[in-house]
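Please keep the sequence and the coordinates at hand while following them.

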Amino acid sequence: MHNELTPAGAASSVDDYAAHTPMMQQYLRIKAEHTDKLVLYRMGDFYELFYGDAQRAAPLLDITLTARGQSAGSPIPMAGVPYHAVEQYLAKLVRLGHSVAICEQIGDPAVSKGPVERKVTRVVTPGTLVDAGLLDGKRDCLLVALHSTASRAGVAWLNLAGGRLHLRDVPLAEVGALLARIDPSEILHAEDSAPVAGASAPTHALPPWRFERATGVRRLCAQFGTRDLAAFGADDAPLAVAAAGALLDYAQATQQASLAHIRTLIVERSTDYLALDLATRRNLEVTETLRGEAAPTLYSLLDGCSTGAGSRLLRSWLSNPVRAQSAAIERHAAIAELVAAPQRRTALPKALRTTVDIERIASRIALRSARPRDLAGLRDTLQRLPALAALVGDCASPLLIAAAAALAVDSRWAELLTRAIAAEPAAAVREGNVIASGYDAELDELRAIQDNCGAFLVDLEARERERTGITSLKVEFNRVHGFYIEVSNANVQRIPDDYRRRQTMKNAERYITPELKTFEDKALSAQERALARERRLYDEIVAALDPSIEALQRAALALASLDVFSAHAELATALRWTQPRFSTEPMLAIRGGRHPVVEGQVEHFIANDLTFGAARRMLIVTGPNMGGKSTYMRQTAVIALLAYCGLFVPAADAEIGALDAIHTRIGAADDLAGGRSTFMVEMTEAAYILNRATPNSLVLIDEIGRGTSTFDGLALAWAIARELALKNRCLTLFATHYFELTALPAELEACANVHFDAVEHKDGIVFLHAVEEGPANQSYGLQVARLAGVPATVIRGARTHLARLDHFSARRDGDLFAGIAPPADPAPADSTLRDRLKALDPDAMSPRDAHDLLYELRRLADDA
């Protein structure tokens with residue numbers, strides 16, 4: 001059997017291994033356990049890839065693909081990367097969505113009779129990153145597991161670098177919106193389930209038996225040390241519990257370590273967060289522009305944080321706006337207190353910039369992958385925590401008080417690291433000089449032997465020069481040949497009898513003496529023993545830090561929160577943002593509202609007001625293109641979103657009512673991959689809103705109905721607006737160029753017209769960008785076309801044709817929708833007939849059953 005991963009010459013079964021060299025047999029056995037991953041196989045100073053792995057990785061990493069030696073009678077395709085630079089290559093592979101198994105040499109080459117013993121010590125996948133060099137400091141790396149039935153799905157997601165696990169069961173139709181909110185780095189699913197539709201993250205299929213609910217319950221109980229999951233409320237998420245079992249097993253297998261730092265389990269409910277579907281997140285450009293770029297977005301504007309942890313927390317708040325107004329109010333209070341204290345507000349960022357990412361270091365401690373400089377940075381940060389806590393020690397807001405308390409980490413951890421870790425340790429334990437002097441007497445003794453080496457060699461050189469009379473004699477050391485005495489060829493005849501030749505050079509000979517050999521054995525042995533002792537001591541120190549992990553995670557959250565609060569307080573002060581107020585009724589009252597991103601892109605932004613309430617639930621927004629309609633709608637949603645995120649808002653004053661969701665239908669484009677036209681995308685988004693919006697939802701509809709004929713589009717826009725006003729009763733901004741819709745306020749309660757105006761000046765047009773009550777009187781489409789560069793001949797032709805259309809319209813009697821009664825509700829008999837038909841199962845009916853049913857349906861139809 002030959003395929004990409006087992007080309008000609010590679011083994012396809014255990015029986016085929018005998019044809020290969022012993023080393024390739026070892027590689028192929030390891031590869032057989034990791035067929036879905038690239039295997040980096042350590043050989044000396046390189047990590048090598050073989051066969052299909054080499055052929056796949058070489059173009060991805062821009063490294064040379066070669067073929068060396070032979071195994072099973074065929075050349076071995078291979079490509080390699082230096083071991084000291086492997087992290088940068090790993091980062092590139094992970095960014096491209098590949099998983100990698102790292103195979104290390106664990107045996108001693110000096111005593112190995114065959115190939116050096118090797119095993120996979122680490123598996124790196126896009127969703128299980130914990131190393132600082134592989135992680136993006138400003139965004140979380142989330143692993144998601146998905147387990148679905150015909151109608152519902154359970155979603156479990158893990159922040160391995162942060163130690164948090166979330167569960168949620170949702171209707172199958174809501175999975176896309178939830179994944180858009182989570183923004184996963186990798187998705188796990190059962191092999192017998194369909195791949196996740198539209199997922200941009202890499203997916204990985206696991207055996208179905210890993211998604212058993214009973215297994216998930218046992219795995220979670222073992223992880224959190226409980227008898228059952230009742231305290232977490234997990235009974236409401238049985239599918240997510242099953243997914244969590246598979247997720248935890250997968251994560252543990254990649255780390256080859258226990259996941260002791262995962263101590264937070266959150267079972268989410270639909271009422272926990274303000275609902276934002278995928279289209280809304282895209283249209284509001286929360287973390288990504290419509291073009292898929294990182295800036296300018298709401299997040300890029302707000303992110304003035306001093307630490308990566310602060311940036312991650314801000315992104316999480318923007319992606320997960322809490323629905324509970326009390327939580328947002330507490331955040332507002334913390335920011336307001338810092339706004340009122342400029343000295344404290346400016347001192348916090350300076351202090352925070354001297355800290356390290358405690359959250360991620362704590363995870364690496366638990367996973368036994370923390371590096372010496374992680375511990376040195378942790379030590380320095382722990383020493384600075386008391387000063388940071390003092391900066392907010394006398395604050396009054398609950399969240400600032402809680403942050404100060406969380407920074408009071410037991411001083412014994414800082415004391416341990418101060419005693420144990422060198423002031424400036426090496427990057428890796430294998431390089432030595434990691435453990436501080438004075439921490440361990442045995443290590444100090446071994447180091448003393450090495451430290452005295454230089455003095456001994458100087459003394460020996462002086463004595464040998466005096467003994468031999470050779471003034472140019474040198475006593476030196478290198479890693480290949482160890483210690484030696486070097487004598488030039490001109491003086492070789494003068495060497496003593498106890499000199500033994502070690503190496504012949506072009507112009508000199510190198511020798512060893514019994515005394516130097518004895519010292520060499522002692523010195524090299526001391527070096528090896530010192531490195532082994534440091535490794536053992538370091539592992540003990542990391543293990544000793546386990547009890548500190550929970551306190552470190554609390555301190556990390558406190559530092560991140562202080563970062564977001566202080567950065568936002570500074571931004572709110574600079575940009576004149578205000579603290580919003582909340583109401584328990586569905587309403588919005590915004591005075592002087594601005595779009596924060598657009599305001600930063602223009603020289604002068606016109607602020608606008610908006611009022612929604614029980615007597616004003618729908619606004620029909622008309623006006624010219626480029627007049628400000630879309631900006632006005634988006635800024636309303638952004639202000640509401642920021643308020644529920646617990647942040648200040650770009651307005652002179654804002655009162656935000658009780659909201660459960662923000663829905664938008666703004667702009668559209670063909671979905672070529674999905675086979676949907678612009679109009680189909682438009683109608684799909686409209687249907688989503690009509691089926692979900694409630695009286696507590698904020699809905700933005702921008703120029704719906706453009707993708708079909710004028711009358712079809714107008715009729716649909718009229719019907720959709722009417723449905724939103726009468727049935728959904730949501731707070732709706734409905735922008736349109738169909739001026740017939742401005743008649744809706746005359747027939748719909750709580751509906752009003754507003755418009756944006758423009759004035760013509762000579763041959764140009766000036767947009768006023770200010771919202772006014774009432775409908776617009778014209779659309780200025782021809783003037784905008786002229787601004788866009790449409791030729792004058794086309795504009796003149798359009799003007800002539802427009803005059804004809806206006807004349808035709810003036811001759812028509814009445815309003816287009818005048819006299820059209822709303823569709824009546826179905827009669828009871830119609831409803832009964834429909835319900836009976838829906839309940840049918842044609843495949844289960846006999847011919848006699850079908851005959852009887854026809855008479856029954858005829859009787860129901862007669863009754864109607």
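Between which helix and which strand is the loop that holds Asp 183 found? Asp 183 sits in the loop that runs between helix H4 (175-182) and strand S10 (186-190). The model is a predicted one, and in it the phi angle of Asp 183 is near 55°, a positive value in a residue other than glycine. Asp 183 counts as partly exposed because its relative accessibility is 34%, a value between the limits of 20% and 50%.

Gln 256 belongs to the loop between helix H6 (238-255) and strand S12 (264-267). With a relative accessibility of 43%, Gln 256 is likewise partly exposed.

Another backbone feature concerns the peptide bond joining Ala 295 and Pro 296, which is cis, with omega at about 0°. Pro 296 is part of the loop between helix H7 (278-284) and helix H8 (298-302).

The largest nonpolar core comprises 112 residues, and Leu 318, Ile 365, Leu 375 and Ile 656 have the most contacts inside it. Helix H19 (residues 549-575) supplies the largest share of this core, namely 15 residues. Apart from this core lies another, of 33 residues, which includes Leu 167, Leu 229, Leu 247 and Ala 251. Returning to Leu 318, its contacts beyond four places in sequence are Val 286, Leu 298, Tyr 299, Leu 302, Leu 641, Leu 642, Cys 645 and Leu 647.

Is Asn 753 buried or exposed? Asn 753, in strand S26 (residues 751-761), is buried because its relative accessibility is 11%, and the limit for this class is under 20%. The side chain of Asn 753 reaches the backbone oxygen of Thr 742 at 2.8 Å. Once neighbours within four places in sequence are set aside, Asn 753 is in contact with Ile 620, Thr 742, Pro 745, Glu 773, Gly 774 and Pro 775.

Gly 69 is a residue of strand S3 (residues 66-71). Gly 69 counts as exposed because its relative accessible area is 56%, where the class requires over 50%. Not counting residues up to four places away in sequence, Gly 69 touches Ser 74, Pro 75 and Ile 76. Between Gly 69 and Pro 195 there are 126 residues of sequence separation and a C-alpha to C-alpha distance of 41 Å.

Definitions and conventions. Residues are numbered from 1 along each chain as its sequence is written. This is a predicted model: local features need pLDDT of at least 70, side-chain atom pairs count only at pLDDT 80 or more; totals for chains, interfaces and linings use all residues. Side-chain values use heavy atoms; hydrogens and water are left out. A nonpolar core is a set of buried Ala, Val, Leu, Ile, Met, Phe, Trp, Tyr and Cys residues joined through side-chain atoms within 4.5 Å. Buried means under 20% relative accessible area, exposed over 50%, partly exposed in between (1.4 Å probe, protein chains only). Helices (H or I, at least four residues) and strands (E, at least two) are DSSP runs, numbered from the N terminus. Contact means heavy atoms within 4.5 Å. A polar contact is a pair of N or O atoms within 3.5 Å; within protein, one must be able to donate a hydrogen and the other to accept it, and residues adjacent in sequence count only if both atoms are side-chain atoms.
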